Amino acid sequence: MKREPRVSTRFLDRELPTYLDHLAVERGLALASVSAYRADLQSFGRFLARRRLEASRVSRPELGRYLSSLKARGISPRSAARALSALRGFYGFAGAHLGFRADPTADLESPKLGFALPRTLAEREIERLLDAPNASAVLGLRDRAMLELLYASGLRVSEIVALPREAVDLEAGILRVRGKGGRERLVPFGRSAAGWLERYLEAARPGLDRRRSPALFLSARGSAMTRQRFWQLIEAYGRKAGLARRLTPHALRHSFATHLLEHGADLRALQMMLGHADISTTQVYTHVSRSRLRRVYDEFHPRARSSRRGKMKA
């Protein structure tokens, strides 16, 4: 196998070795792990060298082109995810220790790069999921309120389990959410979620709040709900609702975004509600909506099939 000629740049000669030393010495990573980081980041360094770019000045679109080039080379999704993880680690370190002012990986999600489109639930599947908890029981009422709020707001699972009680304005239907990077945003929610939240706060939460916790959603022990437990609950309710595929909390976030766009929501407003730093991250949902519109047209439009037959005859 032909080796690429050695390239000398600030990133490859100074910044990358400094970061690798940090991984090996200060974080104590195993030699194999450091070698994997080195290989991924050297590939990124050669990409920068070919384009005469400094790592400190890489923009989000340029980073997207790099990750797209990896996909074009046929690397596996797992390898692509590892490469993105290596970049996140480096830019996190560089911001703290190398004086980098911007992090092009901040709030970067794989769907924006074309590795996978978000999976969404149909609206009828959402209804079945929301009906799955037994709302006559204390924990079932809590779970119904959580699912309603998750779908109504599009919060990340980490955001909803960390949500304090004081962040909820029931009268205005507004959440005050602290998301990635400590950024705060206001997120509206609808009447259905508000109604279930009010029932939970009046009939269920007081009995769970044995520790005077500030968290909105509490476990049976009175502590804040964990991400892992909420994930387990959503999977279980997905099975109870008869959903064919394995359900994750992110599926509700994706469904929230896609359904809003399909009903005419503004992309900028959706960006603010989701807490995306870059609107290009939000734009992936327009592709989901287009693909669904295509399927609807093909299935229901009276001339869709005849037009395809005409093309085949031509």
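I take a salt bridge to be a side-chain nitrogen of Lys or Arg within 4 Å of a carboxyl oxygen of Asp or Glu. The model is predicted, so I note that local features need pLDDT of at least 70 and side-chain atom pairs pLDDT 80 or more, while totals for chains, interfaces and linings use all residues. Residues are numbered from 1 along each chain as its sequence is written, and side-chain values use heavy atoms, with hydrogens and water left out.

**Salt bridges**

I searched the whole structure and found ten salt bridges. One of them joins Asp-40 to Arg-82, with the closest N and O atoms 2.8 Å apart. Asp-40 is in helix 2 and Arg-82 in helix 4, 42 residues apart; helices (H or I, at least four residues) and strands (E, at least two) are DSSP runs, numbered from the N terminus. I looked up burial, where buried means under 20% relative accessible area, exposed over 50% and partly exposed in between (1.4 Å probe, protein chains only). Asp-40 is buried at 11%, and Arg-82 is partly exposed at 43%.

Glu-159 forms salt bridges with Arg-156 (2.6 Å, N to O) and with Arg-185 (2.8 Å between the closest N and O atoms). Glu-159 lies in helix 7 and Arg-185 in strand 3, so this pair ties together parts 26 residues apart in sequence. Relative accessibility is 4% for Glu-159 and 5% for Arg-156.

**Helix 5**

I listed the buried residues of helix 5 as Ile-126, Leu-129 and Leu-130. They are on the same side of the helix because they cover an arc of only 95° (directions from the helix axis to the C-beta atoms).
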